[in-house]
Amino acid sequence: MNDRNLAVSPIGVLVRRSVEATVIRACEFCHAPGRYLSLPEWSGYPGIAVKAGDPRDGQPVGDVCPNCGARRTPDEPLGEISVKDYRDGSIPG
Ligand SMILES: [Zn+2]
């Protein structure tokens, strides 16, 4: 292919918003969430409880449950579950 023969025509701005999802399961043994959380309702699981502002807040805990030490069921990435295109900057608020 010779790039000099390509015709390029501007067609405007296209913005794509997409949502990707991952299933993160609770620990099968102690039922701790699979994320570090600063929310007080999860303080019963000291292994995943972090203070507000901790950089781990909301992050996945990984392969081993930090609350009980058991191996966790791996997270299940679902990929892109929703996509919407907006042309010419017509993005709704
Ligand atoms: Zn556990």
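The model is predicted: local features need pLDDT of at least 70, side-chain atom pairs count only at pLDDT 80 or more, and totals for chains, interfaces and linings use all residues. Residues are numbered from 1 along each chain as its sequence is written.

Start with the secondary structure. The protein has two strands and zero helices. Both terms refer to DSSP runs, numbered from the N terminus: H or I over at least four residues for helices, E over at least two for strands. S1 spans residues 14-23 and S2 spans residues 76-87; they pair in the antiparallel sense over ten bridges. Pairing requires that DSSP finds at least two bridges between the strands. Across this pair, Arg 16 stands opposite Asp 85 in S2.

Now burial. A residue is buried with 20 or more other C-beta atoms within 10 Å of its own, exposed with 12 or fewer, and partly exposed in between; C-beta atoms are placed from the backbone. Of the 93 residues, 12% are buried.

The largest nonpolar core holds eight residues, including Cys 27, Tyr 36, Ile 48 and Cys 65. Such a core is a set of buried Ala, Val, Leu, Ile, Met, Phe, Trp, Tyr and Cys residues joined through C-beta atoms within 7 Å. Ile 48 is in contact with Trp 42, Val 61 and Pro 66, among others beyond four places in sequence. Contact means backbone-placed C-beta atoms within 7 Å.

Finally, His 31 lies in the loop between S1 and S2. Its phi is positive, about 70 degrees, although His 31 is not a glycine. His 31 counts as partly exposed because 13 other C-beta atoms lie within 10 Å.

Technical notes:
Two residues are in contact if their C-beta atoms, placed from the backbone, lie within 7 Å.
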